[in-house]
Each structure stands twice: as structure tokens, then as C-alpha cells.
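This briefing is meant for a reader who is meeting the structure for the first time.

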Amino acid sequence: MPKPKVAFFDFTCCEGCQLCALDLTAEQLLDLLAVIDIVEFREAISEKSDSFDIAIVEGSITRDSDIPRLEKIRKTANLLICLGSCSCIVGINALKNFQKTEELQNEVYPDAPHRYETSVARAVDEIVKVDAIIPGCPINTLEFVKVVKNLVLGKDPDIPTYPVCIECKKKENICVYEKGIHCLGPVIRAGCGAICPEKGGYCFGCRGLVPDPNLDSMREIMNKYNMPYDQIDDRFKLFLGRNKEIFQDVQ
Amino acid sequence: MNKTINRPFFQITKDGMLAAIDKMLQDYSVAALTEKNKNVVFDFVKSSAEISNVYKPTILSPKKFFFPQEEVILEYTAEGKVTAIIESKPMVLFGIRPCDINAKKVMDEAFAESNGDANYLSKIENSVIIGIDCKQVCDEDSFCYRVNSQEVTTGCDILLYDLGEKYIFEYKNEKGREFAIKYFGSQGSDHGAYDKFLKEKESNFGKTEGPFKDLEYLPGVFEHTKDHPIWEEEAKRCLSCGSCIMVCPTCYCFDVADELALNLKEGQRLRRWDACMLSDFANVATGESFRKEVSNRIRHRMNRKFNFLMRKHHQPACVGCGRCVRACLADISPKEIVEIITGEKERE
């Protein structure tokens, strides 16, 4: 079986998830390279290629001029994988959708607002078909390896559909609500190992909603634990601003 | 009640017990109640000094020692070599409470069914279970007294009664007897102390509501609740997060998955805890789900506890430990559900 050729591409993002993809032990990296050929990856190699089987795309689509490039990547690749919150769910890039485009242009480039081309921040699957997602801000490196491996084997990518609570309970973490902290864990896709609640924080929602979330109940519970509804909206906004179930009226 | 007849009640001082535990540690891994990240959990200890003196309900039950969250059940190679993996080590589980002892009975019966589950049973066979009886209800969320699981008949090898400065103990089987002789030594017996403990326990539990109305008939009662409005009402609040199942001492559903190593040369078959409250638990290969609605999943789970499995085990498969009540952000409680179903109480 010839090794599939894999290329990495980035749009609007910090490129941190690509770095996470490299955050492997030497053995893991060699094992990975025994299974795939990396033909384009600007954070790791100088080579570029117009021929690849799997495209791994990081970042949101925030300029209309990005669309032809993304469409060309899609056309070339057999499989397209979204890497990180920005490409999977837009994440923090969606915050700008709550402001008018002209306002943003004037704020960022007050002397030459027209130089700043921008439009609504969108997820990759709003433009082209996506075969698998590796969510997170940043991604979980081991999940990246697992998804790539499963796809190479022709299997389902197999990322969790259950919420972060499952991972907290398995680790016997004290529920952060008991500490008076509000957490989005009950409605957010697991796979991170509940790292934020475990380390004293709370779930920000970077991995996106579970497939069938009970948002009404989540909001009521957060309110019951003394959080006003406008603050609850802000909590959701940080990573889930592009979610149409939560924010219907945003551009 | 003539419980003391023919039942030997030996005594051991608390210091004597600590010394006995340190002696056990030379031969066994010992798991007990211990502090971890400002929390009390059942975990392996290196010395008796690490054991917490004050009981507080734990997030996970001791079932994790016999039915791990994730367990390798076989290994395979690309060439087709398959090796069954059955791992267990000599272990003492010290200080588990009546609710968890009764839960273990349900698990033991479930995993012993048919040809038996070698992975579970080997761990049980390799373990000595030392229980500690409860003199009173541990907190406001537990409801052991509603399902009679504050009483221990079998399910452990040795049972201790805490009398402050000392323990009274009885062994429940031959394994417990041999173990007690070897590690506890003989420090005389004290029937009077046991009678005193029992009287206080009866008095404390006598102040509770007692067992559920129609407790022994619950399977029949649940049989007729398919269209009860409570399932839709609870589903409105339920987050379907599965926390109740992770913390449940009698939930034993698991998923099995093959994980091929990245080198594609060898792999492992793993079994992991699964949860019937999760949305894709009842998904099948063609994409349908048997229990797509949350209300169906809650109804199924409650029927497992008070109907289906109760018929099989002749005790409710809910032991009233209260872990799911503590874990549920939506305040869903099996106690309340049963009380409404039996008509004992009305929704507040």
C-alpha cells in the first residue's frame, strides 16, 4: 500500500494546532512518518506540493479571497480534515462577527481601512465538504494521531460524542460548580481529558457542542448557580459564537 | 433479632488495625479511602498513614478496581497472533461501605453469568474485601435506607464495626477467616459492643423514611409506567451528560474497541465504560438509534435499576449510595422518581 501524501494548510488562525501536531515523541513521529508522507507543511518543511491525498486544514475562512484556495485544496484532496477550533467551529474568530465589518476595519487599520479585507468568519465546512474534524484550542496531539491513523486505515475517525463531564468523573475531579465556578463541560465534546477543569479552570467550550446538547437546561443550571443570563451568553460567545443554535441573529 | 447467635465478633484496636494494614502491604496492594487533590477517593496506599479516618462519599465507587474504566482484554499482531490478557494482582480493598458491598453483589452476579467474565472474576478471586458498617446515613443525598442496602449479609470477606477506639469484626466466609487470623491476630471477642453498635444503628436508621413503598413489587409497578409523564419532565432538565452512570456502583455496560498501534503491526482490544444515557449508546451500524429521545434513555435506566435487573438479582440494582444525585447538575434523583412512580409523593 503506497503511503498517503498529507499536506497541511492554514487560514485565519495562530498555527498553534499545527505545532501541536508535531508535539510527538521521536518514536511517535517516526511511526507516523512510516504511515504517511508529509508533502507540504510550512511549519516543518520547505517543500510544497500540488499533489496530496489528505489535506489538513487549520484556520477559519475570514476573507472571500480565501475561498478559491480552499476549493482548490478540496478538489485535490481525497480527504479533508479540519484541525483545531478555528477551522472546525470558527471559535474565537467568530467574535468579530458580532461587530460591523467597517468598524473592525477602522479599528485595526485606522489610516487605511480599505486595505483590510475581511468578511464574516466561517468554518471550513460552511464552504467545502469536510471528512473529519480534530477540534480543540489547541488540539489534543494524541487525538490528531488517532484520527489520522483511523482515516489511513479506512476507519471512522472516532472522536468522542460524549461531553467533558465523562472525563471529569473518570478522573474524580470535584465538579467545578461545587466550587462556585460555571463550566460548559456538560454540553461540550470531550477528548481533551477535561484538562481545564482538572487544572483548576473550567470548560470554555473550545471543542464545540456535543451532537445533541440540552442548551435550555444548561442555561437554566448556570443561572441557578447565580450567573445572570447575559453573562451566560458571553460564556458561550467565546468559542461558540458561530453556533446558530445559540446565536441566531449574528451575521 | 438474634444476629449475634453463632456469629463471632472479634475486636481489634484502631492502632492494631493500622499495624495489620502495614503488614498486609507486604503481601498485597491495599486500596482504601485516601485524600487526593483535596478530595477523598478510593485508591492504592503505600502506608496505613495515608488512609483517611473520616468517611465521606467518594465520586467513583470501588467497582473501578474490578471493572476498570479501560482494560486491555486481548492483544493481537498483524500476523494473526491473538493473546488473551487477564490481569489481576493480590489486593485488599479496605473500608468499603454497605451500599458498595451490596453493589458489588450485583456486579458479581452479573459478571459470573453464563461462562463468567474471566477479567472481572480473576480480580475478585485475587482480592480480599474488608467492609465497614455504617451506623448512620452519610449525607442528605444518600438513600440506602429506601432500598435496604444499609444492611450487609454477603458481598465482603470481613466486616468491621467502628466503635471509636476499636473495631469489632466478623468474617463472612472462609477466605475472610483465614485472612483475619493471619493479619488481625486474636484479640478476644466482644459481643456486647456489637449489640450496642446495632442498637445505635437501628435507632439512627429508624428515624429515616424507611424502605420505598411497595419496594419488593417495584418491577411490577415499573412495568406499567411506559407512558408516565415523569420521563418527559425529567428529560427536559437532563443534560444527557452520563455523569450518573460514571459514578454508579452497579452500572456495568461497556464498549469494546480494537486499537491498532501506529506502527500498524500490533494492536489491543480494549473495553471501556459506556453509558446508556449518552446519545449514541443505542446507535446501530445502519445509523438508527433505539433510544434517540432522552426520555427513553432515562426510562430505560430507571427500569434497569428497579425492574429488569431487580427481577434478576432479587434486589434493586440501585443501592441508594446517592452518587448520581450528588453528580447531577439538573437535580435528577432516582429516589424522587421512584417516590413519584409509586405514588408515595407528588412532584413538588
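The domain bounds used here come from an automatic or database domain assignment. On that basis, chain B is divided into domain 1 (10-68 + 86-206) and domain 2 (215-341). The model is predicted, and every value below is to be read with that in mind.

**The two domains of chain B**

- The centres of domain 1 of chain B and domain 2 of chain B, taken over C-alpha atoms, are separated by 26 Å, and the contact takes 36 residues from domain 1 of chain B and 29 residues from domain 2 of chain B.
- About 2700 Å² is buried between domain 1 of chain B and domain 2 of chain B, and carbon and sulfur atoms give 61% of this area.
- Of the area that domain 1 of chain B buries against domain 2 of chain B, Phe67(B), Val106(B) and Phe143(B) supply 24%, which is more than any other three residues.

**Cys248 of chain B**

- Cys248(B) lies in the loop between helix H8 (243-246) and strand S10 (254-260) of chain B, and Cys248(B) counts as buried because its relative accessibility is 9%, where the cut-off is under 20%.
- Although Cys248(B) and Ile59(B) are 189 residues apart along the chain, their C-alpha atoms are separated by 9.1 Å.
- Once neighbours within four places in sequence are left aside, Cys248(B) is in contact with Ser61(B), Lys63(B), Arg301(B) and Lys305(B).

- Strand S3 (residues 54-58) of chain A is mostly covered, with five of its five residues buried.
- In a regular strand the side chains alternate between the two faces of the sheet. In S3(A), Ile54(A), Ile56(A) and Glu58(A) point one way while Ala55(A) and Val57(A) point the other way.
- S3(A) runs parallel to strand S1 (residues 5-10) of chain A, to which five bridges join it, and Ile56(A) in S3(A) is the bridge partner of Phe8(A).
- Five bridges also join S3(A) to strand S4 (residues 79-83) of chain A, again in parallel, and Leu83(A) in S4(A) is the bridge partner of Glu58(A).
- From S3(A) the chain crosses through helix H3 (residues 66-76) of chain A to S4(A), in a β-α-β crossover that is right-handed.

**Helix H3 of chain A**

- Asp66(A), Ile67(A), Leu70(A), Ile73(A) and Arg74(A) are the buried residues of H3(A), and they lie on the same side of H3(A) because they cover an arc of only 125° around the axis.
- These buried residues of H3(A) pack against S1, S3 and S4 of chain A, whereas the face turned away from the buried side carries the exposed residues Pro68(A), Lys72(A) and Lys75(A).

How values were computed
Residues numbered from 1 in each chain as written. Chains lettered and ligands numbered in written order. Predicted model: local features only at pLDDT ≥ 70, side-chain atom pairs only at ≥ 80, totals over all residues. Heavy atoms only, no water. Buried < 20%, exposed > 50% of the residue type's maximum accessible area, 1.4 Å probe, protein only. Helix = DSSP H or I, 4+ residues; strand = E, 2+ residues; numbered from the N terminus. Pairing = 2+ DSSP bridges. Right-handed = clockwise from strand over helix to strand, strands pointing away. Contact = heavy atoms within 4.5 Å. Arc of directions from axis to C-beta. Buried area = accessible area lost by both parts, 1.4 Å probe.
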